[in-house]
Amino acid sequence: MTFQGFRRTDDLWDIEGRLVDTKDQPFDIQGDLRMPGDAVHDISVRVTIDHRMNVLDVAVCADATPFPGTCAAQMPDYREVVGLNLFKGFVKEVKNRYGGTQGCTHVSELLMAMPTAAFQAFAGQVKHEDRVDGNQVPFHLDRCHALSLDSDVVQRSYPRWYRAQKDGQEGTLPVTS
């Protein structure tokens, strides 16, 4: 699986994910012999987002699947994610809408990785002021151990948002109105 992010000339972003699965030996899928290096899966997903991580568009492409004519023909309408926000319940919604036999496992996996891919694409590319109200904690803080609000990294790099850990308590986000 690979992901890339591209800032467009209209200031929107395209985040693209691709899953390519090949084998190092001949692979028989119900009489469809794939030779070494031939794709068993070659599936791509592109989401278009704004600077607030709102999904404005989505496109799915299945160039290779193990069951041609079945997988691609039975793809659900992944455009249902348009209008969702990558950082506000997106993964849960993808699981709810496309979990189990309701969707393609691989497309869903690519979609569920989009928040991380978008986060990395945005790193250093979009000023904090463009993303949130000045009173909101930056979206990347408190999402991993290194950037927890009580960490040394936040204390050094984001002192405004640093929250010292109280004895036996985890750091908490400040209340904003």
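Setting aside its neighbours within four places in sequence, His41 is in contact with Leu19, Val20, Asp21, Ala64, Pro66 and His106. Before I go on, please keep in mind that this is a predicted model.

So where does His41 sit? It belongs to strand S5, which covers residues 39–49. Is His41 buried or exposed? Its relative accessibility is 12%, and buried means under 20%, so His41 counts as buried. Its side chain also makes a polar contact, at 3.3 Å, with the side chain of His106.

Now let's look at the sheet around S5. Four strands form an open sheet in the order S1-S2-S5-S6, and the pairing is antiparallel. At the edges stand S1 and S6, each with a single partner strand, so one side of each has no neighbour in the sheet. From one strand to the next, the twist averages 15 degrees. If you look at S5 and S6, you'll find 8 bridges joining these antiparallel strands. For a landmark there, find Arg46, which stands opposite Ala59 in S6.

Next comes helix H2, residues 105–112. H2 lies across S1, S2, S5 and S6, and runs at about 40 degrees to S5. Which residues of H2 are buried? They are Val107, Ser108, Leu110 and Leu111. Why do these four lie on the same side of H2? Because they cover an arc of only 160 degrees around the axis. The cover over the buried residues of H2 includes the strands S1, S2, S5 and S6, along with helices H1 and H3.

In soluble globular proteins, nonpolar side chains tend to be buried together. Here, the largest nonpolar core has 30 residues, and those touching the most other members are Ile15, Ile49, Leu86 and Leu111. Two or more residues come from each of S2, S5, S6, H1, H2 and H3. Which element gives the most to this core? That is H3, with 6 residues.

Leaving aside neighbours within four places in sequence, Leu86 is in contact with Ile49, Met53, Val55, Met114, Pro115 and Ala118. There is also a second, separate core of 6 residues, and among them are Val137, Leu141, Leu147 and Trp161.

Note on methods
Residues are numbered from 1 along each chain as its sequence is written. This is a predicted model: local features need pLDDT of at least 70, side-chain atom pairs count only at pLDDT 80 or more; totals for chains, interfaces and linings use all residues. Side-chain values use heavy atoms; hydrogens and water are left out. Buried means under 20% relative accessible area, exposed over 50%, partly exposed in between (1.4 Å probe, protein chains only). A polar contact is a pair of N or O atoms within 3.5 Å; within protein, one must be able to donate a hydrogen and the other to accept it, and residues adjacent in sequence count only if both atoms are side-chain atoms. Contact means heavy atoms within 4.5 Å. A nonpolar core is a set of buried Ala, Val, Leu, Ile, Met, Phe, Trp, Tyr and Cys residues joined through side-chain atoms within 4.5 Å. The arc is that of the directions from the helix axis to the C-beta atoms. Two strands pair if DSSP finds at least two bridges between them. Axes are lines fitted to C-alpha atoms, for helices over the stretch in contact, and angles run from 0 to 180 degrees between N-to-C directions.
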